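Open the model in your viewer and keep the selection panel handy.

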Amino acid sequence: MRTEHLDSALNCANTLGLVQVVGDNWLEPGPHHDKLERLRQDAALSFHFVGMNIAGEDPLDLSYLKRILSLIHRYQPSRVSDHLSVQVHQGFYFHDLLPFPRTEASLARIIERVDGIQETLGRRILVENLSAYHQFPESDVEECDFLSAMHQATNCGILLDLNNLKINHLNGGTSPTHFIRRIPVHAVEEIHIAGGVQSGRFWIDDHGSYPSIDTINLAKKPMFASTPIFYERDENLIPWHQFYEECLNLNSAILGKVESPLPGRDSQNELHI
Ligand SMILES: [Fe+2]
């Protein structure tokens, strides 16, 4: 849910069920919280963050985590999540989700950090897989195994971004099916789908279009039948009524009630992955 859509969404809040918002947009107090409070009366919330710096090397930012804790106390979200990435290094905020070398040493460090975050927040978090545009030669643990080990050691959940699997497949040849087979599916508590775009030799996870048919097909796997799926749309924003219609169409497409994801749309690069 983008804040641009919030006013319109409030008109049909009781049809939404579960809504994911970027928690970082709500860390500051202010009158804008009135609308989120109203939404919370009719829908459950999932808070998605971009600043826990789960994979970073800087000490955990306890003041940031305490602000998250206040938000949790206020809204009682059903889930709290962030990304398996570096977002801050030596105090510099990149405003991006950066990859890191996946090694046994970084795994031990990140397990300790996830433990620290969960202890500070007093609850478990979900950690999301990344779309990465650079692979470190020293990485010797696959991302799926990395997430599995994190789950085993910390009991954190997994937020599985299916479009990130597709993007990594297009850019680096990794297999989404292999990834899904290797992770503990019972730990997957949320799923993201989104559209991507080609830029030069890379596919970019820009969240700027309707998800492609192969991303939708991944979401149709029976093991995800009861997992909440969020459609991420951050670029090329469309009006709320159109976004809502696309959500309904995605729902039908994933449930197998319609043959094509959205009538009249290009089915975009079917891959059979
Ligand atoms: Fe995502």
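**Whole chain first**

Buried residues make up 34% of the 273 residues in the chain; buried means that 20 or more other C-beta atoms, placed from the backbone, lie within 10 Å of the residue's own. This is a predicted model: local features need pLDDT of at least 70, side-chain atom pairs count only at pLDDT 80 or more, and totals for chains, interfaces and linings use all residues. Residues are numbered from 1 along each chain as its sequence is written.

Switch to cartoon. The chain has nine helices and eleven strands. These are DSSP runs (helices H or I, at least four residues; strands E, at least two), numbered from the N terminus. The chain's radius of gyration is 18 Å, close to the 19 Å of the globule rule for 273 residues, so it is as compact as a globular protein of that length. That radius is taken over C-alpha atoms, and the rule is 2.2 Å times the number of residues to the power 0.38. The C-alpha trace spans about 50 × 45 × 35 Å along its principal axes.

**Select 62-75**

This is helix α3, with 14 residues; at 1.5 Å a residue it should span 20 Å, and its end C-alpha atoms are 20 Å apart, which agrees. The expected span is 1.5 Å times one less than the number of residues.

Now show side chains. L62, L65, I68, L69 and I72 of α3 make the contact with I117, T120 and L121 of α4; contact means C-beta atoms, placed from the backbone, within 7 Å.

Conventions. A residue is buried if 20 or more other C-beta atoms lie within 10 Å of its own, exposed if 12 or fewer, and partly exposed in between; C-beta atoms are placed from the backbone. Two residues are in contact if their C-beta atoms, placed from the backbone, lie within 7 Å.
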